[in-house]
Amino acid sequence: MIYKVYYQETKERNPKREQTQSLYVEADGEEMVHNLLRDNTPYNVEYIQLLDGNHLEYEKENADFKLTEF
């Protein structure tokens with residue numbers, strides 16, 4: 001499954017929508033995504049969204065789609 005993760009680069013500041021970034025991760029579940037990010041990044045995760053079907057195809061075609069590997 002592929003997930004889109006919205007995050008802030010640091011946990012030190014309050015989240016601001018203008019500074020929200022995203023990345024794509026392939027994992028077996030949302031909990032695994034949380035664990036990967038917690039263990040490998042200093043990011044403040046805001047939201048994890050499962051991508052499938054038409055939504056996944058749209059992201060692949062219209063966004064800077066690149067899977068992040070840890």
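Student: In this predicted model, which residue forms a salt bridge with Lys4, and how far apart are the closest N and O atoms?

Tutor: Side chains of opposite charge can pair when their charged atoms come close. Here the partner of Lys4 is Glu59, with the closest N and O atoms 3.3 Å apart. Glu59 belongs to helix α2 (residues 53-62) and Lys4 to strand β1 (residues 2-8), so the pair ties together parts that are 55 residues apart in sequence.

Student: Are Glu59 and Lys4 buried or exposed?

Tutor: Glu59 is buried, at a relative accessible area of 6%. Lys4 is buried as well, at 10%.

Student: How many salt bridges does a search of the whole structure find?

Tutor: The search finds two. Besides the Glu59 and Lys4 pair, Asp39 forms a salt bridge with Arg38, where the closest N and O atoms are 3.5 Å apart. Asp39 counts as exposed, with 56% relative accessibility, and Arg38 likewise counts as exposed, with 54%.

Student: Which residues make up the largest nonpolar core?

Tutor: In soluble globular proteins, nonpolar side chains tend to be buried together. In this model, the largest nonpolar core consists of nine residues: Tyr3, Val5, Tyr7, Leu23, Val25, Ala27, Val33, Leu37 and Ile48. Two or more residues come from each of β1, β2 (21-26) and α1 (30-40). Strand β1 provides the largest share, three residues.

Student: Which residues does Val33 touch, leaving aside those up to four places away in sequence?

Tutor: With that exclusion, Val33 touches Tyr3, Val5, Val25, Ala27 and Ile48.

Terms used. Residues are numbered from 1 along each chain as its sequence is written. This is a predicted model: local features need pLDDT of at least 70, side-chain atom pairs count only at pLDDT 80 or more; totals for chains, interfaces and linings use all residues. Side-chain values use heavy atoms; hydrogens and water are left out. A salt bridge is a side-chain nitrogen of Lys or Arg within 4 Å of a carboxyl oxygen of Asp or Glu. Helices (H or I, at least four residues) and strands (E, at least two) are DSSP runs, numbered from the N terminus. Buried means under 20% relative accessible area, exposed over 50%, partly exposed in between (1.4 Å probe, protein chains only). A nonpolar core is a set of buried Ala, Val, Leu, Ile, Met, Phe, Trp, Tyr and Cys residues joined through side-chain atoms within 4.5 Å. Contact means heavy atoms within 4.5 Å.
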